[in-house]
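I opened this model to look up a few things and kept notes as I went. The entries follow in the order I made them.

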2 protein chains.
Amino acid sequence: MKAVILLSGGLDSSTVLYQAKADRCECYALSFDYRQRHWRELESAAEIAHSAGVVEHQIVSFDLRQWGGSALTDDRLDLPSERSLAEMAVNIPITYVPARNTIFLSFAVAYAEAIGAERVYIGVNALDYSGYPDCRPDYIQAMQEVYRLGTKQGREGQAITIVTPLLDLKKTEIIQLGNRLGVPWQQTWSCYAGTEEACGVCDSCRLRLAAFAELGLTDPLPYTPPEGTDRFV
Amino acid sequence: MKAVILLSGGLDSSTVLYQAKADRCECYALSFDYRQRHWRELESAAEIAHSAGVVEHQIVSFDLRQWGGSALTDDRLDLPSERSLAEMAVNIPITYVPARNTIFLSFAVAYAEAIGAERVYIGVNALDYSGYPDCRPDYIQAMQEVYRLGTKQGREGQAITIVTPLLDLKKTEIIQLGNRLGVPWQQTWSCYAGTEEACGVCDSCRLRLAAFAELGLTDPLPYTPPEGTDRFV
């Protein structure tokens with residue numbers, strides 16, 4: 001069975017790709033160059049796609065900086081690094097990119113229908129990212145309905161299914177799953193900053209490092225905190 | 001009130017833009033360069049946006065040729081020109097681009113949320129294009145639900161509304177509406193071919209010409225049929 005896997009190159013989507021492999025799918029990876037600050041994740045996506053042995057890795061390019069609205073696409077906005085983990089879980093953060101998952105899932109269904117895939121995998125997570133509106137189960141259900149009604153395949157009763165293996169997992173559980181699946185963590189990239197090594201202080205690095213620490217594990221990815229910073233989490 | 005208007009440069013979306021103006025919206029036009037064969041429509045979109053006096057006209061570029069699957073993005077496939085108008089209305093044609101409206105509406109909601117718009121206008125039409133799955137009312141409703149659940153504005157009870165002024169109109173009624181609104185037809189572009197003048201023989205040209213003829217009107221757009229063709233409809 002063919003599957004399209006939305007692959008950012010981060011810890012979550014890499015785990016999802018390895019899950020799709022474990023589900024015996026022929027994997028078609030799909031990444032986006034939307035002029036994100038953290039372009040470095042695209043290199044990780046290419047490495048992970050290669051390691052996982054995908055059939056094909058497509059990168060779609062467009063410019064979400066055209067109208068701004070997010071710290072992830074606007075160099076003038078500061079990246080958050082001081083929020084508590086608890087606060088991250090309830091408030092929509094400045095790193096929210098309007099409708100990003102909707103755009104990603106739209107291209108994914110177009111790609112899936114063009115190649116005759118039956119599934120689209122996405123690494124959304126309703127627990128650690130509950131601040132994001134487009135990571136929640138009701139949103140995914142609504143998008144599933146769009147998949148059913150908005151495609152030829154769907155109208156013919158063969159709707160492409162959105163698969164969300166991480167939806168109800170905590171970050172620590174995702175790492176445990178990835179360990180079982182053999183995800184090469186050192187190739188993944190979670191940091192919001194576009195630096196050569198991960199910063200260790202942005203929201204995304206801190207969530208990741210805290211989860212490895214909670215499990216008593218060491219994240220194999222090298223970190224270089226910005227000058228003047230001497231703590232990680 | 002701010003509104004994003006999906007503007008292809010065709011007869012339908014141009015009428016929708018003028019309807020949004022008549023609805024007293026501040027209009028933000030949005031077009032796509034997806035490497036369609038009929039790139040000429042983008043010039044029309046720019047002209048129409050200018051004539052209508054929009055606040056801004058954004059063009060988002062990406063490449064839907066990456067995975068093919070449609071005669072509109074694949075030069076190797078022939079454009080249809082021999083189908084009956086009745087057949088056009090029931091079968092999904094080869095010019096169907098997988099998930100195109102889903103991609104367009106996704107960028108539209110991202111743009112709308114970034115600028116604080118309350119509406120997104122789209123010129124879908126369930127009668128003359130009933131062959132396309134993503135032009136039907138149930139599809140639009142599903143996408144409206146994605147708008148509500150997948151955005152910060154929607155989660156806060158201020159969902160961006162999808163407005164479809166042409167949904168239940170016949171092509172002749174769209175032309176009558178456009179005439180009342182003063183749409184400059186000679187600036188619009190409907191032809192699927194990428195030639196300098198409209199071909200008059202592709203499905204899209206024939207639908208348009210048949211509607212003008214039925215009303216006893218003359219389409220002011222110049223047509224040059226391909227060599228060896230001596231009839232229009």
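**Entry 1: terms and ground rules.** I take helices (H or I, at least four residues) and strands (E, at least two) as DSSP runs, numbered from the N terminus. Residues are numbered from 1 along each chain as its sequence is written, while chains are lettered from A and ligands numbered from 1 in the order in which they are written. The model is predicted, so local features need pLDDT of at least 70 and side-chain atom pairs count only at pLDDT 80 or more, whereas totals for chains, interfaces and linings use all residues.

**Entry 2: confidence.** I looked up pLDDT, the predictor's confidence in each residue, from 0 to 100. Chain A has a mean pLDDT of 88, and 84% of its residues reach 70 or more. For the model I noted an ipTM of 0.88 and a pTM of 0.89.

**Entry 3: chain A in outline.** I found eight helices and five strands in chain A. Their order from the N terminus is β-α-β-α-β-α-α-β-α-α-β-α-α. For burial I use C-beta atoms placed from the backbone: a residue is buried if 20 or more other C-beta atoms lie within 10 Å of its own, exposed if 12 or fewer, and partly exposed in between. Of the 233 residues in chain A, 52% are buried. Two residues are in contact if their C-beta atoms, placed from the backbone, lie within 7 Å. Among contacts in chain A with a separation of 6 or more, 71% join residues 24 or more positions apart.

**Entry 4: P137(A).** I looked up P137(A) and found it in helix 5 (residues 137–149) of chain A. Is P137(A) buried, exposed or partly exposed? P137(A) counts as partly exposed because it has 13 C-beta neighbours inside 10 Å. Setting aside neighbours within four places in sequence, I found P137(A) in contact with A126(A) and L167(A). From P137(A) to V55(A) I noted 82 residues in sequence and 29 Å in space, C-alpha to C-alpha.

**Entry 5: how the two chains meet.** I found 37 residues of chain B in contact with 37 residues of chain A. On the side of chain B that touches chain A, at least two residues each come from strand 3 (56–61), helix 4 (100–115), helix 5 (137–149) and helix 6 (152–155) of chain B. Which element supplies the largest share of that side? Helix 4 of chain B does, with 11 residues. I sorted that side by class and got 20 nonpolar, 11 polar and six charged residues. Here Ala, Val, Leu, Ile, Met, Phe, Trp, Tyr, Cys and Pro count as nonpolar, Asp, Glu, Lys and Arg as charged, and the others, Gly among them, as polar.

**Entry 6: helix 4 of chain B.** I went back to this helix and counted 16 residues. From first C-alpha to last, helix 4 of chain B reaches 23 Å, close to the 22 Å expected at 1.5 Å a residue. The expected span is 1.5 Å times one less than the number of residues. In helix 4 of chain B, 15 of the 16 residues are buried. G116(B) follows helix 4 of chain B and has a positive phi, near 75°.

**Entry 7: two positive phi values.** Most residues other than glycine have a negative phi. A99(A) is not a glycine, yet its phi is positive, about 60°. I placed A99(A) in the loop between helix 3 (85–88) and helix 4 (100–115) of chain A. A99(A) is buried, with 31 other C-beta atoms within 10 Å. R24(B), also not a glycine, has a positive phi near 65°. R24(B) sits in the loop between helix 1 and strand 2 of chain B. R24(B) is exposed, with 8 other C-beta atoms within 10 Å.
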